[in-house]
Amino acid sequence: DHKLRYMRLKTLICTLALLIAPLALFAQNAIDKAVEEYSSIGKSTFTSAVERDPNTRKVLKVVKVLQPTDITINRLRRAFLEEQKNGQFSLVTNEEEETMTLTVENEKENRVYMMQYTRGGASFTNGKVTIIIKYK
């Protein structure tokens, strides 16, 4: 009886874990996914810095910078355009460059996404993405 109850509980926990795990993946937005992709394929520089409270060691702020080299950044640009509805979005354009900024706030954190890049017809190059996450 005890073993059966333990097995049922174990099965229930495993089932719940399998159901909840995909939700965490969907919560990640398109910009974060694209930055993760570009940082893992090479041909880019990726840096991350963490600021912590010296007393509690709690993370206060994370700054991530991705700078792809020798590749187009069309996927990153599309990710910004997909996510513009989820926060305060701005696009500033001059003759050669564009800068996109997206600010997203929720109960746990404020995120600022900024992307600067060179326009070249249908492709976009020389990009730089900065993500600032400030925890509440």
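Let me begin with a term: a residue is called buried when its relative accessible area is under 20%, exposed when that area is over 50%, and partly exposed in between, with a 1.4 Å probe and protein chains only. What we are looking at is a predicted model, in which local features need pLDDT of at least 70 and side-chain atom pairs count only at pLDDT 80 or more, while totals for chains, interfaces and linings use all residues. Residues are numbered from 1 along each chain as its sequence is written, and side-chain values use heavy atoms, with hydrogens and water left out.

Of the 136 residues of the protein chain, 25% count as buried. The chain holds three helices and six strands, where helices (H or I, at least four residues) and strands (E, at least two) are DSSP runs, numbered from the N terminus. Read from that end, the elements follow the order α-α-β-β-α-β-β-β-β.

Now to the sheet. The six strands form an open sheet in the order β1-β2-β6-β5-β4-β3, with antiparallel pairing; two strands pair if DSSP finds at least two bridges between them. At the edges lie β1 (44–52) and β3 (88–93), each of which pairs on one side only. Within the sheet, nine bridges join β4 (residues 97–105) to β5 (residues 109–120), and E97 has T118 in β5 as its bridge partner.

How do the helices α2 and α3 pack? Helix α2 (residues 30–40) and helix α3 (residues 74–83) pack at an angle of about 165°, their axes 8 Å apart, where axes are lines fitted to C-alpha atoms, for helices over the stretch in contact, and angles run from 0 to 180 degrees between N-to-C directions. The two helices are therefore roughly antiparallel to each other, a label for angles over 145 degrees. Among the residues that meet are A30, I31 and Y38 in α2, and L76, F80 and E83 in α3, contact meaning heavy atoms within 4.5 Å. Helix α3 also lies across β2 (59–68), β3, β4, β5 and β6 (123–135), running at about 135° to β5.

Finally, one residue brings several of these elements together. Not counting residues up to four places away in sequence, L102 touches I31, E83, Q84, G87, Q88, F89, R111, V112 and Y113. Of these, Q88 is 14 residues from L102 in sequence, yet 5.5 Å away in space, C-alpha to C-alpha.

Technical notes. Angles under 35 degrees count as roughly parallel, over 145 as roughly antiparallel, 65 to 115 as roughly perpendicular and the rest as oblique.
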